[in-house]
Amino acid sequence: MTDPIADYLTRLRNALKANHRVVEIPASNMKKELTKVLYNKGYIQSYKFEDVAPQGVIKVALKYNPVTKQPAMIHLERVSTPGLRKYVKSNALPRVLNGLGIAILSTSRGIMTDKEAREQNIGGEVICYIY
């Protein structure tokens with residue numbers, strides 16, 4: 001696998017389209033941090049890190065609207081790929097859907113959203129857009 005983050009997003013996207021409640025994803029430190037950001041921003045219901053294999057597994061409980069049964073995440077888009085990295089300065093941080101969505105960045109201070117990076121006045125690599 002050449003792009004584990006794209007695989008992570010694709011597994012989430014496929015599980016949402018199939019209306020699954022829980023999805024299992026092979027773990028890595030970056031995927032764990034992405035999962036924590038998604039949970040803190042309310043895009044997933046819960047998560048659990050399990051160390052069953054040498055690599056480990058992340059179990060993510062997906063979040064749906066109880067009335068309309070629509071998923072909390074409609075669009076997941078990978079921005080920076082291994083073949084073409086996308087870096088931004090602190091004064092050019094992206095806004096997703098005029099602030100309704102989030103851009104997840106990898107900065108020198110860890111994984112964070114575009115709003116948190118704007119508050120701390122730091123730039124970094126744009127990993128993905130989620131709304």
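Helices (H or I, at least four residues) and strands (E, at least two) are DSSP runs numbered from the N terminus. The model is predicted: local features need pLDDT of at least 70, side-chain atom pairs count only at pLDDT 80 or more, and totals for chains, interfaces and linings use all residues. Residues are numbered from 1 along each chain as its sequence is written, and side-chain values use heavy atoms, with hydrogens and water left out.

Helix H1 covers residues 4–17. The expected span of a helix is 1.5 Å times one less than its number of residues. For the 14 residues of H1 this should give 20 Å, and the end C-alpha atoms are 20 Å apart, which agrees.

Several residues of H1 are buried: Ile5, Asp7, Tyr8, Leu9, Leu12, Ala15 and Leu16. Here buried means under 20% relative accessible area, exposed means over 50%, and partly exposed is in between (1.4 Å probe, protein chains only). The buried residues of H1 pack against strand E1, helix H2 (29–40), strand E3, strand E4 (76–78) and strand E8 (124–130). Contact means heavy atoms within 4.5 Å.

## Strand E3 and its partners

Strand E3 spans residues 57–62 and is mostly covered, with 5 of its 6 residues buried. Two strands pair if DSSP finds at least two bridges between them. Strand E1 (residues 22–26) is joined to E3 by 5 bridges, and the two run antiparallel. In this pairing, Glu24 stands opposite Lys59 of E3.

Strand E2 (residues 44–50) also pairs with E3 in the antiparallel sense, over 6 bridges. Phe49 stands opposite Ile58 in E3. The hairpin of E2 and E3 has 6 residues between the strands, and Gly56 in this hairpin takes a positive phi near 95°.

## Aromatic rings

A pair of aromatic rings is described by the distance of the centres and the angle of the planes. Rings of Phe, Tyr and Trp (its six-membered ring) pair if their centres lie within 6.5 Å; planes under 30 degrees apart count as stacked, over 60 as edge-to-face and the rest as tilted. The structure holds 2 aromatic pairs. The rings of Tyr39 and Tyr47 have centres 5.3 Å apart and planes at 75°, so this pair is edge-to-face. The rings of Tyr47 and Phe49 have centres 5.1 Å apart and planes at 45°, so this pair is tilted.

Tyr39, Tyr47 and Phe49 form one aromatic cluster. Tyr39 is partly exposed, at a relative accessible area of 38%. Tyr47 is partly exposed at 29% relative accessibility, and Phe49 is partly exposed with a relative accessible area of 30%. The charged end of Lys32 sits over the ring of Phe49, 5.4 Å from its centre. A charge sits over a ring if NZ of Lys or CZ of Arg is within 6 Å of the ring centre and within 35 degrees of the ring normal.

## Salt bridges

A salt bridge is a side-chain nitrogen of Lys or Arg within 4 Å of a carboxyl oxygen of Asp or Glu. By this rule there are 8 salt bridges. In one of them, the side chains of Asp3 and Arg78 meet at 3.0 Å, N to O. Asp3 lies in the segment before H1 and Arg78 lies in strand E4, so the pair ties together parts that are 75 residues apart in sequence. Asp3 is buried, with a relative accessible area of 14%, and Arg78 counts as buried at 17% relative accessibility.

Asp7 forms a salt bridge with Arg11, with the closest N and O atoms 3.0 Å apart. Asp7 is buried, whereas Arg11 is partly exposed, with a relative accessible area of 32%. Lys36 is partly exposed, with a relative accessible area of 31%, and Glu33 is partly exposed, with a relative accessible area of 32%. Salt bridges that share partners also join Glu24, Lys48, Glu50 and Lys59 into one network.
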